[in-house]
Amino acid sequence: MAHDHHHHSGHDHGHDHGHAHDHAGSGGTGAPPRGWLRHNLRFLVAAVVVAAAGLSACLVLVGPGQAVVVTRFGDPIRVLTRPDLSWKVPAPVENKIDVDLRLRTTSSGLQDVGTRDGLRILVQAYVAWQVPQDADHIRQFLRAVRNQPDIAASQLRSFVGSALEITASSFDLATLVNTDAQKIQLDQFEQRLRERLDEQALKVYGVTIRQVGIERLTLPTETLNATVERMKAERATVAAERSAEGQRAAAEITSNADRDARVLLAKSKAEASEIDAKSRVEAADIYAKAYNGDPALYTLLRSLDTLDQMIGSNTRLILRTDAAPFRVLVDGPDSAAPAPSPAPAPGPRKVP
C-alpha cells in the first residue's frame with residue numbers, strides 16, 4: 001500500500017508540472033511557437049532569393065577591357081566604359097550588352113596585287129584592331145556588326161585586300177624586294193596601308209587600327225624570273241661601276257707616281273747640275289794649282305786625259321807624232337813644257 005501511494009503521488013506531480021509548462025507557453029507574450037517558424041522559414045528563404053535576384057538584375061558591373069551598353073526596349077541609352085558598378089531598371093525594361101574592347105588581330109591571307117612597274121606580287125598582311133573606348137564608336141560598332149567581332153574581322157579582311165591593291169600600285173617592285181636594304185621601303189608601304197585602313201575602318205565600323213604589318217611577301221614565277229634578271233643587271237652595273245672606279249683610282253695613282261717621278265728627276269738633275277758645277281769649279285781650282293805648281297806635269301796629265309777620252313778600245317788614229325798631244329810619246333815629258341815666257345802663269349780661266 002505504501003508503494004502504490006508513492007507511485008501515484010509522483011505521477012500526479014509530473015503531470016501537474018507539464019500542465020503548468022503548457023499553460024505558461026501558450027498564455028505568455030514571448031517568441032512565437034516552434035511550429036510557426038518551421039511553417040514560415042521557406043517563405044523567408046524565397047523572399048531573400050527573390051530580393052537577391054532583383055538586386056542582381058538592377059546591378060551593372062563593368063570589367064576591365066570591356067564596355068557595357070544599357071538599352072531601354074532595345075534602344076541604347078547609356079554606354080559605360082569605365083570599370084565600375086552601376087544601376088539599371090530590371091529587364092525587360094532595360095537590358096545590357098557587353099562589348100569587348102580588347103585588341104584583336106586579323107590576317108588578310110595571300111593577295112595577288114600589282115606594283116607600279118606592272119609586276120605581280122603575293123602579299124599577306126595582318127591587322128591589329130580594337131573597338132575604341134568611345135561611346136559614339138561603340139554605338140557605331142553595334143549598329144554595323146551587331147556586336148559580332150567575327151563579322152567585323154571578315155569585313156576588315158575585304159578592306160585589307162582592296163587597300164593592298166591600291167597601296168601596291170604606288171610602289172615599284174625594286175622598293176619591296178631588293179638585295180640592297182637601303183632601297184627597301186616596306187615601312188612606308190605599311191604606313192600608307194594603315195592610313196588607308198584606319199580611315200575606312202573607323203568611319204564604317206567604328207574600330208581603330210592599331211598596327212598593320214606584312215606577314216609574307218612572295219613572287220609568282222614570271223615576276224621571280226624578272227626580278228632575278230633585274231638583280232643580275234643591277235649587280236653587273238655595280239661591278240662595272242666598281243671596275244671603272246678602280247681603273248680611275250689606278251690611273252690617278254699612276255699619274256701621281258709619274259708626276260712625283262718627274263719632280264724627283266728634275267730635282268735630282270738640278271742637284272746633279274749644281275754638284276757638277278761645283279765639281280768643275282773645284283777641278284778648275286785644282287788644275288790651276290797643279291799648273292802653277294808644275295806646268296810640265298800638268299800638261300802631261302791633261303794630254304793623257306785627252307787621249308783617254310778620245311781613244312777607245314776600237315779606235316784607230318793616224319796622227320803626227322810630233323804634234324801635241326802625241327809629241328810627249330816621242331820626245332818625253334820635257335817636250336810638253338811650254339817655251340819660257342816672262343809673263344806670269346795663266347789663271348784658272350785659261351786652262352785648256
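Residues are numbered from 1 along each chain as its sequence is written. In this predicted model, local features need pLDDT of at least 70 and side-chain atom pairs count only at pLDDT 80 or more, while totals for chains, interfaces and linings use all residues, and side-chain values use heavy atoms, with hydrogens and water left out.

**Exercise 1.** Determine how helix α4 and helix α5 pack.

*Solution.* Step 1: Locate the helices (DSSP runs of H or I, at least four residues, numbered from the N terminus). Helix α4 covers residues 149-168 and helix α5 residues 186-204.

Step 1: Take the angle, which runs from 0 to 180 degrees between N-to-C directions of axes fitted to C-alpha atoms over the stretch in contact. For α4 and α5 the angle is about 140 degrees, and the axes are 10 Å apart.

Step 2: Classify the angle. Angles under 35 degrees count as roughly parallel, over 145 as roughly antiparallel, 65 to 115 as roughly perpendicular and the rest as oblique; α4 and α5 are therefore oblique to each other.

**Exercise 2.** Describe helix α3 and the residue just after it.

*Solution.* Step 1: List the buried residues (under 20% relative accessible area, 1.4 Å probe, protein chains only). In α3, residues 135-145, these are Ile-138, Gln-140, Phe-141, Leu-142 and Val-145.

Step 1: Examine the N-terminal end. Asp-134 caps α3 there, with a side-chain oxygen 3.3 Å from the backbone nitrogen of Asp-136.

Step 2: Examine what follows. Just after α3, Arg-146 has a positive phi of about 55 degrees. Asn-147, in the loop between α3 and α4, has a positive phi near 60 degrees.

Technical notes:
Helix = DSSP H or I, 4+ residues; strand = E, 2+ residues; numbered from the N terminus. Buried < 20%, exposed > 50% of the residue type's maximum accessible area, 1.4 Å probe, protein only. Polar contact = N/O pair within 3.5 Å; in protein donor to acceptor, adjacent residues only side chain to side chain.
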